[in-house]
Amino acid sequence: LAGAAFAQLPTPVGAVFNDCTDCPDMVVIPAGEVEMGATADDLAIISPQQAALEQPRHKVTLHSFAMGRSAVTRAQFSRGTT
């Protein structure tokens, strides 16, 4: 979502909404942090090539966002209601 639609997102985590009658359901995902990259234990069991792609391990901060509750069907996509 962008602009005004994003500003009107429901704030409760897990809230379900949609932008129109034919639009797919969206779910509010909370803001948070996640560690990305391989742990020391992971590095011991993956290939050197994969290890190079998984380093350095770092913290990523996510803002709250909305995600589709289910996959978009071909019918929804062809109607342009995605």
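**Close-ups of a predicted model**

**View 1. Met36 and its strand.** Met36 sits in strand β3, which covers residues 32–36. Keep in mind as you look around that this is a predicted model. Is Met36 buried, exposed or partly exposed? Met36 has a relative accessible area of 41%, so it counts as partly exposed.

**View 2. The whole protein, for orientation.** Zoom out and you can pick out four helices and five strands. Follow the chain along its sequence and they turn up in the pattern α-β-β-β-α-α-β-β-α. There are 82 residues in the protein, and 15% of them count as buried. The accessible surface is about 6200 Å², with 58% of that area belonging to carbon and sulfur atoms. What about contacts between residues at least 6 apart in sequence: what share of them join residues at least 24 apart? That share is 51%.

**View 3. An open sheet of three strands.** Here the strands line up in the order β1-β2-β5, and their pairing is antiparallel. At the edges you'll find β1 (16–17) and β5 (65–68), each of which pairs on one side only. As a quick reminder, strands of a sheet pair through backbone hydrogen bonds, in either a parallel or an antiparallel way.

**View 4. Where β1 meets β2.** Now move in on β1 and its partner β2, which spans residues 26–29. Over how many bridges do β1 and β2 pair? They pair over two bridges, in the antiparallel sense. To see how the strands face each other, find Val16: it stands opposite Val27 in β2.

**View 5. The disulfide between Cys20 and Cys23.** The count of disulfides comes to one, and this view shows it: Cys20 and Cys23, with their sulfur atoms 2.0 Å apart. Why is this disulfide called right-handed? It's because the torsion about the S-S bond of Cys20 and Cys23 is about 95°. Cys20 is partly exposed because its relative accessible area is 30%. Cys23 has a relative accessible area of 17%, so Cys23 is buried, as buried means under 20%.

Methods
Residues numbered from 1 in each chain as written. Predicted model: local features only at pLDDT ≥ 70, side-chain atom pairs only at ≥ 80, totals over all residues. Heavy atoms only, no water. Buried < 20%, exposed > 50% of the residue type's maximum accessible area, 1.4 Å probe, protein only. Contact = heavy atoms within 4.5 Å. Areas by Shrake-Rupley, 256 points an atom, 1.4 Å probe, with all protein chains shown as cover. Pairing = 2+ DSSP bridges. Disulfide = S-S within 2.5 Å.
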